[in-house]
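Open the model in your viewer and keep the selection panel at hand. We will go from a sheet to the whole chain, then to a single side chain.

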Amino acid sequence: MAKNTIIMIGDGMGWEMARAAAIYKEIQAGNTGTTLADFYTEGKGTGLSFQNLSGYGLVTTYGTTIAGTNGTFNVSNTALNDSNQTINTPTGTAPVREGFAFDPTFNPGTTPNGGAKVSEGAVGNLVGYDPVRGGSLPWDAAYYGGTPEAGFDKEYIKYSYPDSANTATTLYTGVKSYNGAIGVDIFEKPVESILSQATQEGKSTGLVSSVPIDHATPGAAAANVNNRNKFDEFGVIDTILQQELGIYKPTVLLGGGHPLSNVNDPLPPEVEPPSDHLYMSEETYAELKNNPTDNIYGYTFLERGPNAAQVLADTASQLDPEKGDRLLGVYGARGQNGNLPVSSTDGDYSTTGLEMFSVFSSQGLNPDTERPLLPGETNESFIAREINENPTLNDLTKAALTVLEKDKDGFWLMVEAGDVDWSAHDDNIDNMIGTMLDFDKSVQSVMDWIAANGGWEENLLVVTADHDHYLTLNSDFPELLRTQGAEALTDIDTVAESGHFWGSTPETTKYGWGTHTNRPVPVYYQGAGSEVLDGLVGQGFEAYGYDIPGIEGLGDQTHIYQAMFAAVTEQAQKELVSGTSASDTLIATIDIDGVQDTIFTGAGNDEIDFAFNSDARRNRVNAGSGDDIIYVSRRDRVFGSEGNDEFDATDAQGGNRMSGGAGNDIFYLGADDRALGGDGDDRFFVQEAGGNLLSGGAGADQFWIVTGDLPTAANTIVDFEMGTDVLGISGQGAGFDFADLTLSGNSIMIGATTVAMLNGVNTTSLTAANFAFV
């Protein structure tokens, strides 16, 4: 399956949002069409980089709905009886609602929050999706003035819509939950995320966002709290940021939420810009700012500041997850609600610093036009400073890849364009297309990285949305976009002259809806394991012990999780290979794949070479009887059984466990492996890297703790027997002997370098007779 798994989420990027941005890019590329039909009116479409991916489908996004104490179903209710539903209720502490039992019946409700009533016979705890009422496809003709089929209802997709916390939890865990859930189910119990599973597999992980790092979409991957607004409180574990930094600890965490960025009002004269600690508490910020490379969280900390993009790139190039390095970057433009600078369609960042919710809230009559300028600062210098002091989403994405690519076991990465959603909430077509284009640049960077790093055979890329917004483009939208530009179409308040509208009532207003819908969203994908998604179209899933039916032609967000799980854990690999009673030779990339294979060689003098495939990993081998030679790769588990076997980790990449079994076995160690000799007189030869754990087992064993250059990390011997086993040192020049060693406690040193540790042995009791020098 996939060595690296990347999911990129355009928050709120429904099919129509993607089409608007694709049309703009096509116009820029020279398409002279004037109507939607001149571009595309259904399907995957063209124009954006991710529309070049081979896989495409649509997935449902619905969550749960639960009746409250008032008997009304609500998509934000949990199964716990927290009648106050406040942010202060500790996660999972309230009692279960009296008599509650999960009912898998679909219950779409009658209002945006749910609305169905127990008193009127309503039942069911899954919102579900009805392709007749909502349209089987986002491009259903009825949304564009066509004749609706019986049962179609333009209002239906407004009912019981999901939020980003709900859908992100499903994408990362495969569990349906409620609006506001951050990595918890309806009982507020933690559910394991794909980020956690990747960590357990030895992979690095990353979360990147254009909005605050503890917002819903990044938060649901690395926290378990019952309310999406529990952003941060220093020392309080029931908050998103404290769990991100202190428990789940993704290798890379980059995004918005800087305390300087959440300024909503223009500043009075002669004041410093205020700090708002909504997303990062004052104490957390102080800990990181005062200790950027030595803080309690173990991160290298970066923040907004001069030449931010270059500083980020330079820092990322110096960090290595194989050495335990982690990178935290927190940014955000002043007055931008914690987000990175927002790019308008033409890329001039002309809306940076302006409130992101003023267009819809004022129905286009009073959009924000005042930035929080410092004394003497102009609009132009304000924008220039914000661009200089904040990286783009693309900069963050490339920095994350620079760090994560150094992990030899691979990685899981999420990249979110969260400001697409904020722009759509504001009914702002200019910002929406601009943020989509920023997202598309990041996707293209990932695709370029994949091409240069193993291709689609080693990488899985999924591009999708967490939920939809209610945007409709009129037939003449392309011509109006071409001739007037997206900024003008945002400023125009009529449907006819702007070529688009939000909501279901174009007859009355352009600004008819400012939030999400329950309509299915697109998913674009390609790479190792993508066939899992192909095979799940129309299939159901399990929810709280019940089998939930699928919908013909549609997938579900639980299926995206299943595809990522298969890719991250490589469950679909596990090829079983059996040898013969003769002498077998099995070479990775020629005779075997070498990725999570299970091999039984049988009798004979066999040779197995995983190292021939630089990406081989996680294999299990029983070499059987005979004198076998096994070249391990990375995180292999190898058993020599009977015979005088040879294990070679010279070209391996660490994490291997080699067991010799019976016989006089030889081990050539690389770095960070474990070797168990078993019965017999075994020999262990360590090399420069070191960090190995060695056990000779029964017999007279030789531990060659230095074989040339001194090891960079001490090797540990757990069962050295004085008088039986021997410690060997070679390559130190003529005349080097016992007198050149420093023995102290359980360590053996040459000069200032500790070359070996002997568990349970006071090395000062060793004599020259315990050593061999060559």
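In what order do the strands of the open sheet of 10 strands lie? Select them and read across: β8-β9-β7-β6-β10-β1-β11-β16-β2-β19, with mixed pairing. This is a predicted model.

Now go to the edges of that sheet. They are β8 (300-303) and β19 (555-556). Each has a single partner strand, so one side of each has no neighbour in the sheet.

Next, select residues 4-10 and 459-464. These are β1 and β11, which pair in the parallel sense over six bridges.

Move to another sheet. Three strands form this open one, in the order β3-β4-β5, with antiparallel pairing. β3 (66-67) and β5 (114-117) are its edges; each has a single partner strand, so one side of each is left without a neighbour in the sheet. Select residues 72-74 to show β4, which two bridges join to β5 in antiparallel fashion. Threonine 72 has lysine 117 as its bridge partner in β5.

Zoom out to the protein chain. How many helices and strands does its secondary structure come to? The tally is 18 helices and 39 strands. The radius of gyration is 30 Å, close to the 28 Å that the globule rule gives for 774 residues, so the chain is as compact as a globular protein of that length. Along the principal axes, the C-alpha atoms fill a box of roughly 95 × 65 × 60 Å.

Colour by accessibility. Of the 774 residues, 59% count as buried. The chain exposes about 27800 Å², and carbon and sulfur atoms supply 49% of that area. Then switch to contacts. Among those between residues at least 6 apart in sequence, 58% join residues at least 24 apart.

Last stop: select glutamate 377, in the loop between α9 (358-361) and α10 (379-389). Is this residue buried or exposed? Glutamate 377 has a relative accessible area of 14%, under the 20% cut-off, so the residue counts as buried. Show what surrounds it. Leaving aside neighbours within four places in sequence, glutamate 377 is in contact with Arg334, Pro372, Phe382 and Arg385. Finish with a distance label: the glutamate 377 side chain reaches the backbone nitrogen of leucine 374 at 2.8 Å.

Key
Residues are numbered from 1 along each chain as its sequence is written. This is a predicted model: local features need pLDDT of at least 70, side-chain atom pairs count only at pLDDT 80 or more; totals for chains, interfaces and linings use all residues. Side-chain values use heavy atoms; hydrogens and water are left out. Two strands pair if DSSP finds at least two bridges between them. Helices (H or I, at least four residues) and strands (E, at least two) are DSSP runs, numbered from the N terminus. The radius of gyration is taken over C-alpha atoms; the globule rule is 2.2 Å times the number of residues to the power 0.38. Buried means under 20% relative accessible area, exposed over 50%, partly exposed in between (1.4 Å probe, protein chains only). Contact means heavy atoms within 4.5 Å. Accessible areas come from the Shrake-Rupley method with a 1.4 Å probe; for residues, only the protein chains shown count as cover. A polar contact is a pair of N or O atoms within 3.5 Å; within protein, one must be able to donate a hydrogen and the other to accept it, and residues adjacent in sequence count only if both atoms are side-chain atoms.
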